[in-house]
Amino acid sequence: MDEKDIVKQIFSKNKASYITSSTHANKQDLQEMINWLEPASEMNVLDIATGGGHVAKHLSPYVAKVTATDLTEAMLTNTASHLQAYNNITFTVADAEDLPFENDTFDIVTCRIAAHHFPNPKAFLAEVARVLTPAGKFLLIDNVAPNEPTLDHFYNTFEKMRDPSHVRARSIAEWKNMFEHQPMRMIKQTSRKKTLPFQEWAKRTLATKAEVQHVENYLMNAMKYIRNYFQIDIKKGHIQSFAIDEWMVLCKQENEQ
């Protein structure tokens, strides 16, 4: 089974949890996204790997049309049912690395908390640049790996333990290097720590107590400086929460006419 088949399998099984997820429904970065993008009523938007549809839902009132895509048909069907009251959102099964849209189609492209599932992020960015209009904007939000190799390895290891569809969280430096090879320039960025409730996070993809315990043990047995970096909060022998790094970046097409 290749990486994309694993993504489909995991997200089909857990499709409802991404709608109710407190992490994915966090309104702070969703409101910040609106402020950064400055959407207008005539705009055509593409939301890549929409998951529970949180970005599509929040952009919908501000624009003419939102096309929400996802690789996983079961996830998309469930989200479409949940968002059926939003008449200007359409849903299309699509691979982020091979989008089924014409060049210069969208004024805004978004991708939030999903790119760590993509095997080929360079192809993803090339597709974003291709479908954006000449003056288009692209907003990426994703979990990112620390620059320090030990912390990077630790983070990507426990994410993969928790979710087999996790490919790799790249560092900000890796993302910036990839952007340099695309016709988009970064115009705004911010990074922050994101606190995750351990049990909700773990149970979103893990089916048994033993699987959850395995990941919990890995986190609790880490070296002190690693536990401190990820702000692992342990009470009464169990992890309450931990924190990871998140990066939000706004880009604009350079080939503006």
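Let me start with leucine 46, whose bridge partner in strand S4 is valine 109, and please keep in mind throughout that what we are looking at is a predicted model. That pair belongs to the contact between S1 and S4, two strands that pair in the parallel sense over 4 bridges. S1 also has a partner in strand S2, residues 65–70, to which it is joined by 4 bridges, again running parallel, and there aspartate 47 stands opposite alanine 68. To get from S1 to S2 the chain passes through helix H4, residues 54–59, and this β-α-β crossover is right-handed.

Now, how many residues of S1 are buried? The count is 5 of the 5, so S1 is largely enclosed by the rest of the structure. Asn44, Leu46 and Ile48 point one way from the strand, whereas Val45 and Asp47 point the other way, and all are buried.

Ile48 takes us on to the largest nonpolar core, which has 29 residues, and Ile48 is listed there among those with the most contacts inside it, together with Phe124, Phe138, Leu140, Trp175 and Phe179. The elements giving two or more residues to this core include S1, S4, strand S5 (132–144) and helix H8 (172–179), while helix H6 gives the most, with 5 residues.

Notes
Residues are numbered from 1 along each chain as its sequence is written. This is a predicted model: local features need pLDDT of at least 70, side-chain atom pairs count only at pLDDT 80 or more; totals for chains, interfaces and linings use all residues. Side-chain values use heavy atoms; hydrogens and water are left out. A nonpolar core is a set of buried Ala, Val, Leu, Ile, Met, Phe, Trp, Tyr and Cys residues joined through side-chain atoms within 4.5 Å. Buried means under 20% relative accessible area, exposed over 50%, partly exposed in between (1.4 Å probe, protein chains only). Two strands pair if DSSP finds at least two bridges between them. A crossover is right-handed if, with the strands pointing away from the viewer, the path from the first strand over the helix to the second runs clockwise.
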